[in-house]
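These are my notebook entries on one protein model. I set down what I looked up, entry by entry.

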Amino acid sequence: MKKAIKIAAVIIFIAVLGSIIFGVFYIRKHGLSAREEPSRVEAFLARNVRKIATPAGASETKNPETMTDEKWAEAREHFVAHCSACHGVDGRGNTAFGRNMYPKASDLSSGQTQGLSDGELFYIITNGIRFTGMPAFGDEDTPESIWHLVAFIRRLPDLSDEELKQMSGLSGEAVEEQNDKKPETGKTAVALKQRTSTPHSHGLGEKRHKH
């Protein structure tokens, strides 16, 4: 019995050592560019690590907030101002930041994200995900505003064209398009430059907000 355990331990050690050596050679040959697509193995590990890292109690938590017109408006503006830089106003992640991150910013309208429970979304926004572009915003936003954001994320797959147009305007995209078509001068040009050049941070929350 002890001999079998020793053999198993040796095999595991050799496998781990081999993986480390392979990883070192792979990195030295290919580098760590963020332009590459994560491998299937990385994607598989990331999904499962997220499941393991989310406490069971958190995943079972229900959204305690009852949404009103005022809360919907607040959540929409919150998402546009602090999440759209990476996730886009439609939540699909097709932005200069989102598509060039490693891994790419999540498509929040996808079945994979929508399949997460309210508690899991709340936990991710609050605590972030290590080794990705998703930071933790538990110290930046109130629990209430994060729950409002969770409710709004649920709406992303069903946003109307009118809502998307309104959100694009809020994000400054409409101003940028207008500025590209017709150069402005004087005070108007200065105002447009200030509005469209305001830096956005990664993630899904205010003050530094990202997804």
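Entry 1, a term. I take contact to mean heavy atoms within 4.5 Å. I also note that the model is predicted.

I found Val150 in contact with Asn63, Asp118, Leu121, Phe122 and Ile125.

I counted 11 helices and zero strands in the protein chain. From the N terminus on, I therefore wrote the elements, as DSSP runs, in the order α-α-α-α-α-α-α-α-α-α-α. The chain has 211 residues, and buried residues make up 31% of them. I recorded an accessible surface of about 13900 Å², with 58% of this area belonging to carbon and sulfur atoms.

Which residues touch the most other members of the largest nonpolar core? This core has 24 residues, and the answer is Phe79, Ile125, Val150, Phe152, Ile153, Leu156 and Met167. I then looked up which helices contribute: α4 (69-82), α7 (118-127) and α8 (143-155) each supply at least two residues of the core. The largest share, seven residues, comes from α8.

I found α7 mostly covered, as seven of its 10 residues are buried. The buried residues in α7 are Gly119, Glu120, Leu121, Phe122, Ile124, Ile125 and Thr126. After α7 comes Gly128, and I noted that its phi is positive, near 70°.

I located Thr95 in the loop between α5 (84-87) and α6 (111-114). Is Thr95 buried or exposed? Its relative accessible area is 12%. Buried means under 20%, so Thr95 counts as buried. A polar atom of the Thr95 side chain lies 3.0 Å from the backbone oxygen of Cys86. Leaving aside neighbours within four places in sequence, Thr95 is in contact with Ser84, Ala85, Cys86, His87 and Gly88.

I looked up a nonpolar surface patch of about 480 Å², made by Val10, Phe13, Ile14, Leu17 and Ile21. Among these residues I followed Val10, whose place is in helix α1 (residues 2-30). Val10 has a relative accessible area of 47% and is therefore partly exposed. A patch residue needs over 30% relative accessible area, and Val10, at 47%, is above that cut-off.

Technical notes:
Residues numbered from 1 in each chain as written. Predicted model: local features only at pLDDT ≥ 70, side-chain atom pairs only at ≥ 80, totals over all residues. Heavy atoms only, no water. Core = buried A, V, L, I, M, F, W, Y, C linked by side-chain atoms within 4.5 Å. Buried < 20%, exposed > 50% of the residue type's maximum accessible area, 1.4 Å probe, protein only. Helix = DSSP H or I, 4+ residues; strand = E, 2+ residues; numbered from the N terminus. Patch = residues over 30% accessible without salt bridge, like charges linked within 9 Å, V, L, I, M, F, W, Y side chains within 5 Å. Areas by Shrake-Rupley, 256 points an atom, 1.4 Å probe, with all protein chains shown as cover. Salt bridge = Lys/Arg side-chain N within 4 Å of Asp/Glu carboxyl O. Polar contact = N/O pair within 3.5 Å; in protein donor to acceptor, adjacent residues only side chain to side chain.
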